[in-house]
Structure formats: structure tokens, C-alpha cells
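Please examine the sequence and the structure before working through them.

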Amino acid sequence: MASWVTPKRTVLLSMAVAFLAYVNYPCPELPDDLKALRNSGNHFLHSASDGITYRIFYRDLSGDGPADRNLFLLHGFPISSYDWHKVLPNLLEEFGRVIVPDQLGYGLSDKPVPHDYTIMEQADIMESLLHTVGVKDSHFFCHDTGLSVCLEMLVRFNSRNTGGKQDDGVIIHSFAFQNGGMFPKYVTPQPTQLLAKLPVIQEYLGYVYPRFLFEMALSKSFGPYTKPDRKHLDTAVALVYYNNGMHSIPRILNYLDQRVEHENRWIGGMVETKIPVHYIYCPADFVNKEPTFQHFKVRVPKATTDRMPEDIGHWGMLEDPVNTMKFYKKFLSTVV
């Protein structure tokens, strides 16, 4: 045996090889249900400020509710509109039409790199999408970063409403959401999110970020008794990695800084609006802890709230779709 081949070095070399093999292990292809979802949807073409046209995936679904009752559903970080799949059948019973897109950089939409991802651009995209598909008025239901995007859309709606220019954009009838980081000082980002924000890390994270760390971080955001099963984790990984998504994720995380910059603007939108606002809070969310909920009730006193069971984490619509729908339907019953 060569003198440099020692048991310790052999173990370390084996660990290095195993790690590199795991990091580069092919991610699962889109499962059949996601392929069917992709085939059932459409793509909206967005012309960005960089002169490039990007494809935004969305579904335009017909429901059994009143024909003139529309719903706009917007997901959050880091997956896609798939987040709504457990409550979507029930929502289709309440609405005549439901628009469910994937944001730029997420899910089945394009994921350009390099690209300066901003909440403002995402709001521009969603307004253009609704205009293109002919939705002039809608209820809004959103989650996580989708909340930030919808809050910007709400601010713009309020401005149009004040200025008497409603023909220029969608009329929002009600605004509901589950957990989202409205108040940065009360939000606890995951360590991997903070690390991925560093410019030097952003360039290389997509090449070396191991799948098991992503799965661990995702599972941690669920409640203690409602952890995602293997199928859900495989689906989430497939959607995030689709179109080289791990390269866009670090850049999307700039939303954390944008929330700080625009906090007063977006919270002010809820304070000033004349439409009903409702927060369905999920208490076991370690990112959006109890102070977030309590501070919301102080900052936006006219909004209504509901509280999910104490063991429900960040993903209320996935962890407890029954109570999510119960509270949302109760809220809808109060909307004129």
C-alpha cells in the first residue's frame, strides 16, 4: 500500500467522493401529475426590462361558483402554484374562475440567470397576466412572497381607486393571506437563506447546494406533526430544480431586502384600503412567529383574523387544508 494511503485518508476520500456524488445526483424528473399539470396550463409572455421575453406558467380554471366571481391565487417561496393543490378543488366550488400562476423564477415558469428579481417586476407581470386573460376584477388569496407581490398590487389598486382610474387595472374585491414576512424585524429567515443572499455565494450555490439540505430546510418550516412525506419532497425538489431553478433561487432571495425597503408602503396599503383584509395565521411557523401576528393586529386594526391550530406551520394550505378552507369560506361570507 502506498505510504500516503492511510485509513484516515481513505475514509476522508470516501466521504468526499460520496458527497460529490450526492451533490451531483440527478434530481427527479417531473412526476406524471406535474407533467399533466404543465400540459393543462398556458404560458404568458412577459417582456422584461432587459429586452428578453420570458414565459410565465399559469392555469386558468373554470369553477362551479358564480360565473362573475374570480379568484387570483399567488404562491410564495420557494416552490410554485402547486402549493395550492390541496385547497384548489374546494376553491373551485366557490369561484367561477381561478387564475393560478407561477411567479418568474419559480415552478414551471422561466428562471433566468442572471436576472434582477424584484417584487415590483413580479407585480407588473401579474397585473399584465390578469389584463391579458381578461380578468377585470378578482378576490386575492396569497401566501409568503406571494403576499409581498399582492401587497404591491393592492397599493396600486388603492391609488387607482383614489384617482378614479380603475379601468387601468384589476379591481380587488377582497384580500386574504396565510403567513408571509410583512414585518422584517419579526421574521427569522433560515440560515441557508441568509447565506444564499451573499453575492459570492449566489454565483456558485446552484452547482453545489445538496438536495438533502433543501429538503431539511423545507421540512423544518412545516409543523411538528404535519411534515411533508417523501412524495411531496420529491415533487418540491422537481419543481425547484426544473429549468435549472437552483441557480435562480439565491437571486430571488433579494426579496428579503425589498421587504425592508417597502414595509411602510405595503403595510400602508392594507391600512388605507377600503376592501376587506383577512389574515389566517399559522402559529407553528418558526419564520413568522407570534410577534408577527400580534403586530399585524396593531398595525392593521380593521383587518379580520383567524388562527389555525397551534401545531400548524408555515404551509397552512398544505398542512391543514380543512381549516384553511373553513376560515377562508367564513371570511368570504362576510364580503359583500
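**Exercise 1.** Locate E215 and R211 and characterise the pair.

*Solution.* Step 1: E215 and R211 both belong to helix α9 (residues 211-220), 4 residues apart, about one turn of the helix; helices (H or I, at least four residues) and strands (E, at least two) are DSSP runs, numbered from the N terminus. The model is predicted: local features need pLDDT of at least 70, side-chain atom pairs count only at pLDDT 80 or more, and totals for chains, interfaces and linings use all residues. Residues are numbered from 1 along each chain as its sequence is written, and side-chain values use heavy atoms, with hydrogens and water left out.

Step 1: E215 forms a salt bridge with R211, with the closest N and O atoms 2.7 Å apart. The criterion is a side-chain nitrogen of Lys or Arg within 4 Å of a carboxyl oxygen of Asp or Glu.

Step 2: Both E215 and R211 are buried (under 20% relative accessible area; exposed is over 50%, partly exposed in between; 1.4 Å probe, protein chains only).

**Exercise 2.** Describe the salt bridge between K330 and D306.

*Solution.* Step 1: The closest N and O atoms of K330 and D306 are 2.7 Å apart. Step 2: This pair links distant parts of the chain, with K330 in helix α16 (residues 321-332) and D306 in strand β8 (residues 304-307), 24 residues apart. Step 3: K330 is partly exposed at 42% relative accessible area, whereas D306 is buried at 9%.

**Exercise 3.** Which residues does Y328 touch, not counting residues up to four places away in sequence?

*Solution.* With contact meaning heavy atoms within 4.5 Å, Y328 touches L71, L91, F95, H139, F140, F141, A176 and I280.
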